[in-house]
Amino acid sequence: MTRHPEADHDVSPAFDVLGSGTVRRRLAVKPAMCGHNSLFLGQVGDWSWEAVGALCDTDVLGARDAAGSPTYLAFHYYRVRGSGDFHLRSLTFGDELTVLSRCFGFGSESVLTLHDITSTTAGGEPPAVVEPDAFYRPPPPATLRVETFNRWIARKEAHSNRELVLSSPPGFRHAHLPRLPDAHSPRLAYGRARRVHTFVEDPDGRYVTVADGFTTRYAVDVTRDLNGVGLVYFAAYFSIVDQAVLRQWHALGRDDRAFLRRRVVDQQLCFLGNADVGTEFEIAVTVRARAADPAEEVVDTVVRVAGTDQLIAVGTQRVLRDLEEGE
């Protein structure tokens, strides 16, 4: 076991570097890490970058490609799973977490990180190691499981976010990382979602459509959606999607309190593009309920550049909600 030293671009608390491509950290939940889903998911994104930096000997904050241009470890696919008893909104100030993050190799341009996040405050038992077969089973009590798939990208044009190209930094060390079993490859999930605009297998066979054809618009906001290098921040997409889902929720006659009570037990998002400031998105929302249990719904969101067929993101939320009279 080694203690990760603080590098020039590392101002995070130290964490333990373990074997098998794994880092471990213990921390308490702070106000900037909980509440809105995008806050915690952004924090986990930082953990992905830190794990890759520590395990692959790469300065992820200052990386440059062979041409000397900045290159970024962009999020291409993101999944977070919990349970009806423990989900993203379960986290609150002071909760003690143990986080195991394990990286898996996908060649020179991509990397997968699996995060096993256990709340010891809620009585969870952290695993000794992140094993893929166990990771992809339903999470145990007081546990969130987050999967991030990142690709090295650079701008094709210096001042535009519209065209991004794969461009890994020289010296990105990856051959030593373990390989993920093919059955668990995220490419299977996000490839299907890109084709059919949902992460749910056989949605028509197991679900009944509650609402279809709803669309809303959102303009990229210069005051809140950009990160420090001028790209639309990956975690902002979760807020953008949630705003569209909330508008659909209201269109169904459901109120804000019911929205806050819902439990998002599984959320997947595939990022297919970025955008310049002022770009307007058109977001389509489809809601289905499980035929065997109408309290369980899946909500699909498809984000496009308004007026075009350009896909920006595809997402699916699996939701447990309270069935109340009048909803």
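Which residues does glutamine 268 touch, not counting residues up to four places away in sequence? In this predicted model, the contacts of glutamine 268 (heavy atoms within 4.5 Å) are with Tyr77, Tyr78, Arg79, Ala189, Phe199, Val314, Gly315, Thr316 and Arg318. Residues are numbered from 1 along each chain as its sequence is written, side-chain values use heavy atoms, and hydrogens and water are left out. Because the model is predicted, local features require a pLDDT of at least 70 and side-chain atom pairs count only at pLDDT 80 or more, whereas totals for chains, interfaces and linings use all residues.

Confidence is considered next. The pLDDT, the predictor's confidence in each residue on a scale from 0 to 100, averages 92 over the protein chain, and 95% of the residues score at least 70. Over residues 1-12, by contrast, pLDDT stays under 50, and the model has 22 contacts beyond four places in sequence for this segment. Where pLDDT is low, the predicted coordinates should not be read in detail.

Glutamine 268 lies in strand β10; helices (H or I, at least four residues) and strands (E, at least two) are DSSP runs, numbered from the N terminus. Glutamine 268 has a relative accessible area of 3% and is therefore buried, where buried means under 20% relative accessible area, exposed over 50%, and partly exposed in between (1.4 Å probe, protein chains only). The side chain of glutamine 268 makes a polar contact with the side chain of arginine 318 at 2.8 Å. A polar contact is a pair of N or O atoms within 3.5 Å; within protein, one must be able to donate a hydrogen and the other to accept it, and residues adjacent in sequence count only if both atoms are side-chain atoms.

Salt bridges, defined by a side-chain nitrogen of Lys or Arg within 4 Å of a carboxyl oxygen of Asp or Glu, number 21 in the whole structure. One of them pairs aspartate 266 with arginine 79, with the closest N and O atoms 2.6 Å apart. Aspartate 266 belongs to strand β10 (residues 263-271) and arginine 79 to strand β4 (residues 72-81), so this pair ties together parts that are 187 residues apart in sequence. Both aspartate 266 and arginine 79 are buried. A salt bridge also joins the side chains of glutamate 131 and arginine 102, at an N to O distance of 3.8 Å. This pair links distant parts of the chain, 29 residues apart: glutamate 131 is in the loop between β6 (110-119) and α2 (132-135), and arginine 102 is in strand β5 (residues 96-105). Glutamate 131 is partly exposed at 42% relative accessibility, whereas arginine 102 is buried at 9%.

In a further salt bridge, the closest N and O atoms of arginine 224 and aspartate 225 are 3.5 Å apart. Arginine 224 is partly exposed, with 49% relative accessibility, while aspartate 225 is buried at 1%. Salt bridges with shared partners also join Arg79, Asp266 and Arg318 into one network.

In helix α3 (residues 186-196), the residues Pro186, Ala189, Tyr190, Gly191 and Ala193 are buried. The cover over the buried residues of α3 includes β4, β6, β7 (143-155), β10 and β13 (311-320). Histidine 197, which follows α3, has a positive phi near 65°. Helix α5 (residues 236-251) comprises 16 residues and reaches 23 Å from its first C-alpha to its last, close to the expected 22 Å, a span given by 1.5 Å times one less than the number of residues. The buried residues of α5 include Ala236, Tyr237, Phe238, Ile240 and Val241. Just after α5, glycine 253 adopts a positive phi of about 85°.

Elsewhere, serine 167 lies in the loop between β8 (164-166) and α3 and is buried, with a relative accessible area of 13%. Beyond its neighbours within four places in sequence, serine 167 is in contact with Asp65, Thr71, Trp152, Ile153 and Ala154. Proline 203, in helix α4 (residues 203-206), is buried at 14% relative accessibility and touches Thr198 and Arg288, not counting residues up to four places away in sequence.

The whole structure contains zero disulfides, a disulfide being a pair of cysteine sulfur atoms within 2.5 Å. Cysteine 270 is in no disulfide, and the nearest cysteine sulfur, that of cysteine 103, is 19 Å away. Cysteine 270 is buried at 1% relative accessibility.
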